[in-house]
Amino acid sequence: MTLAEFFSCSLLAFGAPLVMFAFTVANDPVRIIIMIAAAFGWLLSFLLSSLVWYAVVPLRSYLAFGMVFAIIFQEIFRYGMYVLLRKTEAGLKEISENHNIGSNKLEMAYVSGLGFGTMSGAFALINVLADSVGPGTLGLHTGTEYFFVTSAAMTLCMILLNTFWSVIFFSGFDDKNYVKVGWVIVSHFFVSGLSLLNSKELYAATILPSYIVLAITAYIAFKTAGGSARSLMQSISSRS
Amino acid sequence: MSDTGSETEEATEHTALMDGHIAEARPDRVIAERIAKKRKTKPDNQRSYGSVDGVSGAASGSGGSTAPNAAPPPPPPEPQLEELELKYGARHVIKLFVPVTLCMLVVVATISSINFYSVKDVYLAYTPFHEESPYAVTKVWNALANSLILLSVIALMTVLLIVLYKKRCYKIIHGWLILSSLMLLFLFSYLYIEEALRAYNIPMDYITLLFGMWNFGVVGMIVIHWKGPLRLQQAYLIFIAALMALVFIKYLPEWTTWAVLAVISIWDLIAVLTPKGPLRILVETAQERNEPIFPALIYSSTVMYCLAATTTGGTEGGAETRPSSTGAAGRAGAAGAAGEPRARELRPLNPHGSRENETNEAAGAGGDAAGFDSAWRARAQQQRRLRVDTVERAEPPRYTTRIDRPNTAHAAPQPGADDEEKGVKLGLGDFIFYSVLVGKASSYGDWNTTLACFVAILIGLCLTLLLLAILKKALPALPISITFGLIFYFATRCVVKPFADALAAEQVFI
């Protein structure tokens, strides 16, 4: 049973990102490198936010405090990734066989967002997953049996959100459209803030709004990337 | 993706004029492409065929489009050297990422499933201090003393190897290498299998085990020291490195392992970069003699150059601008229970190095292979003049569709010599110590730490390769990666882990 839980939770959380990775990133070395660099960027941001959280001893029990700093650092590093990618664009073109890699600027945004999100998702869930294998499980005595599945669902939400956020964020800076950047930051605060309710086991109140935000963000990202209803239909129908 | 790939390749056989058709032919480019729809179809088409106008003709276009696909491309009749030069970089980095990742994966999987390797009971003879004292200070000096002893053993062995190499005692060196790989392949893998069987509670009789071990070991010896499919050789080298890393993790005291990692990366720096550094001497001597460094010591990822090697044999000539890295010699396993891994480094190819076999091939093929720039051809000619008297191995250029190790096709008198010097190489020592770090990190049961170390090492490797591309000189591969790895290990262990655990327990997502 625990094993089934492990697999279902890991597939729920990482199935979609894995497929995205396999189909869009894995066949291009430069994209893999960008993704790993983004993952490293997220790691650095998390390290810094943990340092802040660790240093401020009296507030250590208030995760909201650490969360705020974590979000700020993440957005700073997202901006850092933006600057880095824009600066190294020429160099990246040089080392890749795909000389048009930078022709769509949001391609890199997507890849780096996926790296960012995957790393954050992995850090959020990987230890939980390792514990879910057993021998024990949650919800028999204390705690809730929904712990693992809600964690996995939220992780998936965060991974996808990070991907879309990066797309919106990058294009926001490209077009000097700071409303988009604002949306990214505000929705990030909103979703993370909502997840504070998880400890009170109000899962419906956190997961539903989070996925609504995810849907809105996905729509914005889709529009930002130049998609339209027609192109979506086209891409689906011509697949057969 | 693979069928799209083939379609793409097919499409590229035609000209770039067929944009519209090509767009039809590759409908299931995925999300990234859909994002790319912003620019409508045009950039999308050009994406893969951009190189058509970049260099020349359909051949280069085909090279450009096939590159992102994993499927082996049907080789263009004339590989473009300009293309090959540009290909250094991203692709090579990935070619190292994959084996490094695999090696770490083996180690981490073993550590987390087989208890034997994380239990401390016996220690190596090289580490006389066992850190059993409760005092931190004692532990520190124990660890330092241990690591210095181990380092001096390694340095001694390196010097010995170089002296032997200088004196051309190839028989002794080869005997030494064969002995150590023999021991690794038989003894250590026997131990490994025994522990694995015990951990999973699988009964097995000695006859089957002996049969399996014998076959495994003999195939390994043949593949590593003589010849065999490149993939198999790579697999064996990865496995050997993983075994060695496991031995280190098992038999080194706790803090000594960390001290050894730190000390060895400093040693690496010294040995490769100082003018009289032993590894530098080794590499330079090998270059002077136009010899490959012992195949048992380096992992080579030369798949992509095999095509060029088979058809022209002379990619060597174009190597000046294509910095490839060669890790010299991660020695695994000396005659003692300890291996003395050494020689972890990357270096660009010797631009003037005309290796015997390549030159022979160049001599054979350079004449009829058209389409090289004149400079390259001149160089090839020169090489031919220099080396025309060596072993007669000229073979007509072959255009295989398989990407394969050329050795398997040619009955090579000197196996490994063909491609050992091309492409990206990394000393097995690098594999070992990367895996030691990640394995050690995973032995505490925190996956975040493992992941952080893994990403940090990969980024370090990336930076090293970047530096290699910039500096184009011999570079040690350990220092940057290990430094990153150590920083992230300790930071994650002390600072990040509590935070991450608190977040996970409260289900707060940031």
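I began with residues 6–25 of chain A, which are 100% helix and 0% strand, with the end C-alpha atoms 26 Å apart. This is a predicted model, so I keep that in mind throughout. The span is on the list that UniProt gives as "transmembrane region" for chain A, in an unreviewed entry. The other spans in that record are 32–56, 62–85, 106–126, 146–170, 177–196 and 202–222. I checked 106–126 of chain A as well: 100% helix and 0% strand again, and its end C-alpha atoms lie 29 Å apart.

**Helix α1 of chain A**

Where does α1 of chain A kink? I found a kink of about 50 degrees at F14(A), shortly before the proline P17(A), in a helix that covers residues 2–25. Both F14(A) and P17(A) are on the list of buried residues of α1(A). The rest of that list reads C9(A), S10(A), A13(A), M20(A), T24(A) and V25(A). I jotted down a reminder here: an α-helix has 3.6 residues a turn, so residues three or four places apart point the same way.

**V56(A)**

Next I looked up V56(A), which sits in the loop between α2 (29–55) and α3 (63–95) of chain A.

S171(A) lies in helix α5 of chain A, residues 147–174. I count S171(A) as buried because 22 other C-beta atoms are within 10 Å. Which residues does S171(A) touch, leaving aside its neighbours within four places in sequence? I get L106(A), A109(A), K180(A) and T224(A). I32(A) is 139 residues away from S171(A) along the chain, and their C-alpha atoms are separated by 21 Å.

K176(A) falls in the loop between α5 and α6 (178–195) of chain A. K176(A) has 8 other C-beta atoms within 10 Å, so I put it down as exposed. Most residues other than glycine have a negative phi.

**Over to chain B**

For the overall picture, I noted 21 helices and two strands in chain B. Of its 510 residues, 53% are buried. I also looked at contacts in chain B between residues at least 6 apart in sequence, and 77% of them join residues at least 24 apart.

The unreviewed UniProt entry lists "transmembrane region" spans for this chain too, including 96–117, 143–165, 172–193 and 477–496 of chain B. I compared two of them with the model. Residues 172–193 of chain B are 100% helix and 0% strand, with 30 Å between the end C-alpha atoms. Residues 96–117 of chain B come out at 82% helix and 0% strand, with the ends 26 Å apart.

**Two partners of α19(B)**

Which helices did I pair with α19(B)? I took α13(B) and then α8(B).

α13 (residues 254–273) and α19 (residues 428–442) of chain B pack at an angle of about 150 degrees, with their axes 11 Å apart. The crossing is left-handed. T257(B), L261(B) and I264(B) of α13(B) make the contact with F433(B), V436(B), L437(B) and K440(B) of α19(B). By class, I have five nonpolar residues, one polar and one charged.

α8 of chain B (residues 90–113) crosses α19(B) at roughly 35 degrees, and the axes come within 9 Å. This crossing is right-handed. On the α8(B) side, the contact residues are V100(B), C103(B), M104(B), V107(B), V108(B), I111(B) and S112(B). On the α19(B) side I wrote down F431(B), Y434(B), S435(B), V438(B), G439(B) and S442(B). They divide into nine nonpolar, four polar and no charged.

**Q507(B)**

Last stop: Q507(B), in the segment after α21 (478–506) of chain B. Its phi is near 55 degrees, a positive value in a residue other than glycine. Q507(B) has 22 C-beta neighbours inside 10 Å, so I logged it as buried.

Definitions and conventions:
Residues numbered from 1 in each chain as written. Chains lettered and ligands numbered in written order. Predicted model: local features only at pLDDT ≥ 70, side-chain atom pairs only at ≥ 80, totals over all residues. Helix = DSSP H or I, 4+ residues; strand = E, 2+ residues; numbered from the N terminus. Buried ≥ 20, exposed ≤ 12 C-beta atoms within 10 Å, placed from the backbone. Contact = placed C-beta atoms within 7 Å. Bend = angle between axes of the 7 residues up to and from the residue. UniProt positions renumbered as here; feature names shortened; annotations may be inferred. Axes fitted to C-alpha atoms, helices over the stretch in contact; angles between N-to-C directions. Left-handed = near helix turned anticlockwise from the far one by under 90°. Nonpolar A, V, L, I, M, F, W, Y, C, P; charged D, E, K, R; others polar.
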